[in-house]
Amino acid sequence: MYNFDVERPTSIADAVQAMSKEEAQPISGGQTLIPTLKARLAAPSVLVSLTGIEEMKGVCMSDDGRLCIGGGTTHSAVAAEAAAHYPGLASVAARIGDPAVRNRGTIGGSLANNDPSACYPAAALGSGATIVTNSREIAADDYFLGMFTTALEEGEIVTEVKFPIPQASHYEKFIQPASRFPLVAVFVAKFSDGVRVAVTGASNDGVFRWTEAEEALSANFSADAVAGLKAEGDMISDLHGTAEYRAHLVGVMTKRAVAAIA
Amino acid sequence: MPKDGGIGASTKRREDVRFLTGNGRYTDDINLRGQAYVFFLRSDVAHGKLTNVDTSAAEGMDGVVKIFTGKDFEGVGSIPCGWQVTDKHGQPMQEPGHPVLAQGKVRHVGEPIAAVVAETLGQARDAAEAIVLDIEELPAVINMKDAVKDGATKVHDDLTSNLCYDWGFVEENKDAVNKAFEEAAHVTTLELVNNRLVANPMEPRVAVGDYNRSDGEHTLYTTSQNPHVIRLLMGAFVLGIPEHKLRVVAPDVGGGFGTKIFHYQEEAFCTFAAKACNRPVKWTSSRSEAFMSDAHGRDHVTKIELALDAENNFKAIRTDTYANMGAYLSTFAPSVPTWLHGILMAGNYKTPLIYVNVKAVFTNTVPVDAYRGAGRPEATYQLERLVDKAAHELGVDPIKLRRQNFITEFPYATPVAVEYDTGDYVATMDKLEEMSDLAGFAARRKESEAKGKLRGFGVNCYIEACGIAPSNLVGQLGARAGLYESATVRVNATGGLVVMTGSHSHGQGHETAFPQVIAEMIGIDASMVEIVHGDTARTPMGMGTYGSRSIAVGGSAMVRATEKIIAKAKKIASHLLEASESDIELKDGAFSVAGTDKSVAWGDVTLAAYVPHNYPLEDIEPGLEETAFYDPSNFTYPSGAYACEVELDPETGQVTIERFSAADDFGNIINPMIVSGQVHGGLAQGIGQALMENCTYDSDGQLLSASYMDYAMPRASDVPFYDVDHSCQTPCTHNPLGVKGCGEAGAIGSPPAVVNAVLDAMRSGGKDVAHIDMPVTPSRVWAAMQG
Ligand SMILES: Cc1cc2nc3c(=O)[nH]c(=O)nc-3n(C[C@H](O)[C@H](O)[C@H](O)COP(=O)(O)OP(=O)(O)OC[C@H]3O[C@@H](n4cnc5c(N)ncnc54)[C@H](O)[C@@H]3O)c2cc1C
């Protein structure tokens with residue numbers, strides 16, 4: 001690790017202020033950033049810790065029926081507190097990493113990082129969530145811009161995520177045996193006006209919506225409806241699985257997610 | 001049996017108390033006054049000409065004590081190789097130099113180029129980043145078959161090629177073997193890869209060098225399985241320090257699996273730098289460094305053939321193997337694919353003719369050396385996959401084909417130079433069929449199929465050569481060391497004993513099992529016996545622990561020393577009891593005169609030895625301390641039969657292990673619980689190799705599986721509850737305990753059973769796949785099932 005200063009703001013406003021310093025970077029759970037710092041792959045001069053900001057923590061229902069999760073809420077808090085409102089989402093959070101990761105890692109950190117194999121991006125995109133920052137609201141469809149790339153501007157902080165609650169949802173995950181991140185995972189959400197299907201782990205473009213499956217499932221919500229479909233795209237090929245295999249798994253995971261709901 | 005547990009008792013491991021309560025003392029727990037830290041600047045290219053190492057900017061940085069480069073080691077010896085293999089033409093292998101820090105060239109990612117010693121590790125790392133390297137990249141030599149083609153780039157310019165040796169065994173059998181193939185009724189051919197592995201002991205390697213200017217004594221604390229071997233190799237060949245001025249201490253060691261046998265550059269560096277800097281120098285490997293500097297394991301590419309007659313009798317075996325040596329020869333690397341592999345090719349079968357060819361190849365990768373099983377898993381995997389393939393080609397039951405060809409008479413001289421003393425392969429197979437409930441398999445398969453899954457059953461047998469090894473024999477085979485073991489047994493005045501053993505325990509439980517033997521021999525509580533190991537200043541010259549040799553060789557040395565103790569104690573007792581020595585019996589910790597009620601307790605005899613008031617001083621010396629060196633007359637040959645049952649998800653290719661049964665014959669057993677634990681650990685590593693672990697390089701020589709993000713270690717949820725049995729016991733005939741060794745069996749015997757089971761599952765789903773390479777990942781299974 002290189003040397004850095006630490007700021008510990010207690011409000012979003014102070015955090016935004018602190019972020020204006022040169023080479024400042026926010027840190028939440030540190031579950032991604034700390035290993036990066038230890039490997040000397042990042043060299044921020046100031047780390048702005050978001051963990052002391054109470055207004056960024058917790059789960060609540062908004063008046064318009066959306067589930068609002070503070071950007072600084074840990075995976076384990078989401079797993080516990082969202083369960084009654086949005087069990088499909090709680091189940092995503094409950095299966096990320098291990099207990100230590102879930103007790104530190106946050107939804108804001110995960111969405112800001114946008115790892116191509118992360119779980120939350122699939123849930124956010126699959127739910128049609130809105131990512132709220134210190135300066136604006138961004139629809140999930142406009143937020144994820146490819147591997148490790150998002151619509152966030154320099155210094156922008158994810159303060160909250162608002163999830164519309166589907167009638168039913170399921171996250172089907174096939175793990176990569178070493179990292180235990182998804183090798184391919186699919187989030188299926190069934191709303192009254194249609195179905196959304198988001199895929200993580202599979203594509204070189206990061207999380208994506210599988211629109212053919214969405215159309216097929218919106219017309220006929222059954223595992224058979226997607227049986228003949230094949231996911232297209234620039235799939236990842238690595239030592240854990242070929243592109244062809246990943247494309248195949250997208251279909252299998254989707255089918256299983258639907259079966260789990262139907 | 002003594003109340004604290006003698007031979008055969010499942011005594012709980014006494015060392016676990018300190019391990020589990022955080023009181024273990026590992027090398028990284030050692031911090032010496034004034035200690036400085038070293039950070040190694042390692043090559044990030046696989047192959048290149050090192051034209052300049054400019055340390056000028058780094059020298060003046062905060063906290064820097066001294067910076068070393070290859071230049072500082074020009075007069076220093078090369079890291080030696082401990083085994084010289086002779087090729088099929090009678091020529092010695094090609095043996096390149098192995099510098100402590102790179103000189104002129106870098107030959108693998110991770111090779112140390114410079115070393116910064118500083119006040120803190122952070123400062124050392126900062127300064128290392130300021131070192132400017134000029135490296136002219138050269139094409140990386142990665143694929144073994146390409147490496148030995150004419151005109152291939154050479155890893156070592158001073159060698160004639162990348163071929164370390166071309167070994168034929170037994171060369172004189174070659175023509176007869178070829179003839180048997182011409183006459184065969186059936187020939188089964190199999191090409192396979194034995195995947196490269198990283199050992200990954202929980203504790204990474206650590207070295208702390210210390211130098212005492214007042215007496216000129218060097219001390220190295222290191223994570224080693226064999227401190228005396230390190231002292232000899234490093235002292236005599238690298239740094240030129242005589243043994244009496246060099247102490248090597250290997251305290252608690254958190255797992256070795258072979259990779260901590262070898263002498264590494266970092267050990268030599270810390271010892272050298274401690275004197276050069278006149279202060280202790282410490283290195284603790286990070287996990288990332290471990291991936292690119294610990295010796296890797298396996299990495300063989302093989303073609304193997306089996307010739308059978310019309311009655312399905314095995315007539316001949318022929319193999320052609322490429323064995324990766326990596327960029328340099330690690331300590332025992334040349335012996336692994338030859339003498340630890342070729343001599344096992346008969347397996348459990350009476351195949352009259354065998355020819356093994358091995359080409360050892362240099363590549364721009366981390367050196368490869370022994371990893372749990374070392375050569376024997378490679379032999380077992382080839383042979384047991386081959387026999388299974390033959391059974392399917394011939395349409396016969398794989399167990400029946402094995403039984404038909406089992407060796408049934410012992411001793412049995414194989415055509416590959418070894419003589420099995422004992423074994424009963426029919427008994428272990430019978431036991432296995434019972435344990436694995438083979439009869440119930442069809443019903444279990446139906447249950448799986450009802451869930452949309454395929455179920456497969458696979459077996460294999462194995463034989464290993466342990467208790468390494470007769471020194472005169474290994475000397476003829478090229479070993480540059482003897483492979484005896486030593487023990488000094490010191491009896492204290494009040495009757496307690498301390499055993500100073502050359503064996504080293506790094507997870508095996510010696511501190512518990514060794515005292516059980518002495519407790520049995522004398523009839524006292526095992527708690528009266530303490531084991532000392534891992535310090536060249538406290539133990540006699542010993543060769544350490546690997547090759548499942550500790551109880552068979554180290555234990556035998558301890559028995560011999562204890563026999564001397566008992567013989568002398570009997571003399572003392574006969575004096576105290578005023579009886580003839582031949583009438584003295586030792587039982588339950590007391591000496592008695594046969595046929596009388598006269599007796600004297602063990603403690604009274606030991607006290608007399610040290611307070612010799614009433615003592616036959618004219619005949620024997622006072623004191624009770626004896627040393628024995630034990631050199632085995634043969635290897636030991638543990639054997640067994642393993643069965644694996646898998647469930648396969650045909651949609652995803654995911655394989656899960658539902659049952660695993662292991663029937664082993666380890667000869668006599670000292671502590672059954674420890675033996676089961678050793679088998680469990682071995683099985684986890686074997687299953688890890690079969691399903692998950694894979695060390696891979698890209699064609700530029702970059703390590704792709706360089707962390708736990710990509711190198712898949714098995715976890716508890718990846719392995720089943722094992723069913724292990726070691727009730728089939730044919731005791732070893734040539735060591736005093738009749739023991740054979742159990743440390744590697746699980747890792748040797750499990751991979752073929754797993755792969756055979758996966759292929760069986762695929763067949764039941766209508767996919768007759770002839771072979772699939774390890775690790776059998778979901779992606780590979782799915783791809784194989786598409787074909
Ligand atoms: C062993 C292990 C296993 C894991 N397994 C999984 C898994 O299965 N699935 C999965 O999805 N993830 C997994 N993760 C990742 C984990 O979920 C991380 O916690 C998460 O990706 C990052 O969250 P964090 O709060 O720790 O972010 P940090 O590490 O603190 O930050 C990550 C990045 O986001 C930025 N950032 C942090 N908070 C904000 C914010 N509020 N606004 C804007 N930018 C911000 C930081 O500057 C940094 O660039 C695993 C991690 C580990 C260590």
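A salt bridge is a side-chain nitrogen of Lys or Arg within 4 Å of a carboxyl oxygen of Asp or Glu. By that rule, the interface of domain 1 of chain A and domain 2 of chain A holds 0 salt bridges, whereas the count between chain A and chain B is 6. The model is predicted, and this briefing treats these two interfaces in turn.

**Domain layout of chain A**

- Chain A is divided into three parts: domain 1 spans residues 5-49, domain 2 spans 54-163 and domain 3 spans 168-261.
- The centres of domain 1 of chain A and domain 2 of chain A, taken over C-alpha atoms, lie 19 Å apart.

**Interface of domain 1 and domain 2 in chain A**

- On the side of domain 1 of chain A, 10 residues are in contact with 13 residues of domain 2 of chain A.
- About 960 Å² is buried between domain 1 of chain A and domain 2 of chain A, and 65% of this area is on carbon and sulfur atoms.
- Of the area that domain 1 of chain A buries against domain 2 of chain A, 49% is supplied by I12(A), S28(A) and Q31(A), more than by any other three residues.
- The rule finds 1 residue pair in polar contact across the interface of domain 1 of chain A and domain 2 of chain A, with both residues at pLDDT 80 or more.
- The side of domain 1 of chain A that touches domain 2 of chain A comprises 4 nonpolar residues, 6 polar residues and no charged residues.

**Interface of chain A and chain B**

- Chain A brings 24 residues to the contact and chain B brings 23.
- The area buried between chain A and chain B is about 1900 Å², with 49% of it given by carbon and sulfur atoms.
- Within chain A, the residues that lose the most area to chain B are R40(A), R180(A) and L239(A), which together account for 31% of what that side buries.
- R40(A) also takes part in a salt bridge, its side chain meeting that of E129(B) at 3.0 Å, N to O.
- Across the interface of chain A and chain B, the rule finds 16 residue pairs in polar contact, both residues being at pLDDT 80 or more.
- Helix α11 (residues 243-261) of chain A contributes 8 residues, the largest share of the side of chain A that touches chain B.
- By class, the side of chain A that touches chain B consists of 12 nonpolar, 6 polar and 6 charged residues.

Terms used:
Residues numbered from 1 in each chain as written. Chains lettered and ligands numbered in written order. Predicted model: local features only at pLDDT ≥ 70, side-chain atom pairs only at ≥ 80, totals over all residues. Heavy atoms only, no water. Domains from an automatic or database assignment. Contact = heavy atoms within 4.5 Å. Buried area = accessible area lost by both parts, 1.4 Å probe. Polar contact = N/O pair within 3.5 Å; in protein donor to acceptor, adjacent residues only side chain to side chain. Nonpolar A, V, L, I, M, F, W, Y, C, P; charged D, E, K, R; others polar. Helix = DSSP H or I, 4+ residues; strand = E, 2+ residues; numbered from the N terminus.
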